[in-house]
Amino acid sequence: MTNYDQLLGEILDRGPSSETLGLVLAELKRLGHTRKVIQECIKALRSYPDDLPIRLILAEAYFEEGLLSHAEEELETATSQMDRYASAYRLQAEIFRAQKRREEALRSLKTYLAFALRTRVPWTS
């Protein structure tokens with residue numbers, strides 16, 4: 001274990017904020033410590049269950065380890081969390097429209113509709 005790896009471990013042991021956790025876990029994943037990342041993400045999500053960045057790091061780590069059903073489950077949880085905030089895109093579109101920022105309004109409205117349709121229309125193959 002390098003001094004850098006040891007430093008990252010010490011940061012994790014000290015109970016960092018969710019933002020710091022996300023940075024450290026992303027770095028550990030980049031360094032190839034996916035099993036450690038999985039363990040630490042699971043632990044972190046007990047304290048921060050709605051933390052989307054940590055959940056996405058966990059999904060990526062599961063995917064890299066070939067644990068596809070676990071990755072899928074985490075992404076399902078993450079996308080359901082994102083759905084709760086879809087109305088922000090609609091409001092943003094209204095604000096841009098009122099400011100006559102047509103292209104930006106259209107982009108926000110498309111994003112809102114993508115979320116709205118995802119929750120209302122089941123995809124078929």
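This is a short chat about a predicted model of one protein chain.

Biologist: What should I know about the model before we start?
Modeller: The model is predicted, so local features need pLDDT of at least 70, side-chain atom pairs count only at pLDDT 80 or more, and totals for chains, interfaces and linings use all residues. Residues are numbered from 1 along each chain as its sequence is written, and side-chain values use heavy atoms, with hydrogens and water left out.

Biologist: OK. How many helices and strands are in the chain?
Modeller: The chain has 7 helices and 0 strands. Helices (H or I, at least four residues) and strands (E, at least two) are DSSP runs, numbered from the N terminus. Along the sequence the pattern reads α-α-α-α-α-α-α.

Biologist: How do α2 and α4 pack?
Modeller: Helix α2 covers residues 18–30 and helix α4 covers residues 52–64. They pack at an angle of about 20°, with axes 9 Å apart. Axes are lines fitted to C-alpha atoms, for helices over the stretch in contact, and angles run from 0 to 180 degrees between N-to-C directions.

Biologist: Roughly parallel or roughly antiparallel?
Modeller: α2 and α4 are roughly parallel to each other. Angles under 35 degrees count as roughly parallel, over 145 as roughly antiparallel, 65 to 115 as roughly perpendicular and the rest as oblique.

Biologist: Which residues in α2 and α4 meet?
Modeller: From α2: Ser18, Leu21, Gly22, Leu25, Ala26 and Lys29. From α4: Ile54, Ile57, Glu60, Ala61 and Glu64. The contact (heavy atoms within 4.5 Å) has 6 nonpolar, 2 polar and 3 charged residues. Ala, Val, Leu, Ile, Met, Phe, Trp, Tyr, Cys and Pro count as nonpolar, Asp, Glu, Lys and Arg as charged, and the others, Gly among them, as polar.

Biologist: New topic. Is Gln81 buried or exposed?
Modeller: Gln81 counts as buried, at 8% relative accessibility. Buried means under 20% relative accessible area, exposed over 50%, partly exposed in between (1.4 Å probe, protein chains only). Gln81 sits in helix α5, residues 68–83.

Biologist: What does Gln81 touch?
Modeller: Pro49, Asp50, Leu52 and Arg55, not counting residues up to four places away in sequence.

Biologist: And where is Pro16?
Modeller: Pro16 is in the loop between α1 (3–13) and α2. Pro16 counts as buried because its relative accessibility is 13%. The C-alpha atoms of Pro16 and Ala44 are separated by 9.5 Å, though these residues are 28 apart along the chain.

Biologist: What share of the whole chain is buried?
Modeller: Buried residues make up 33% of the 125 residues.
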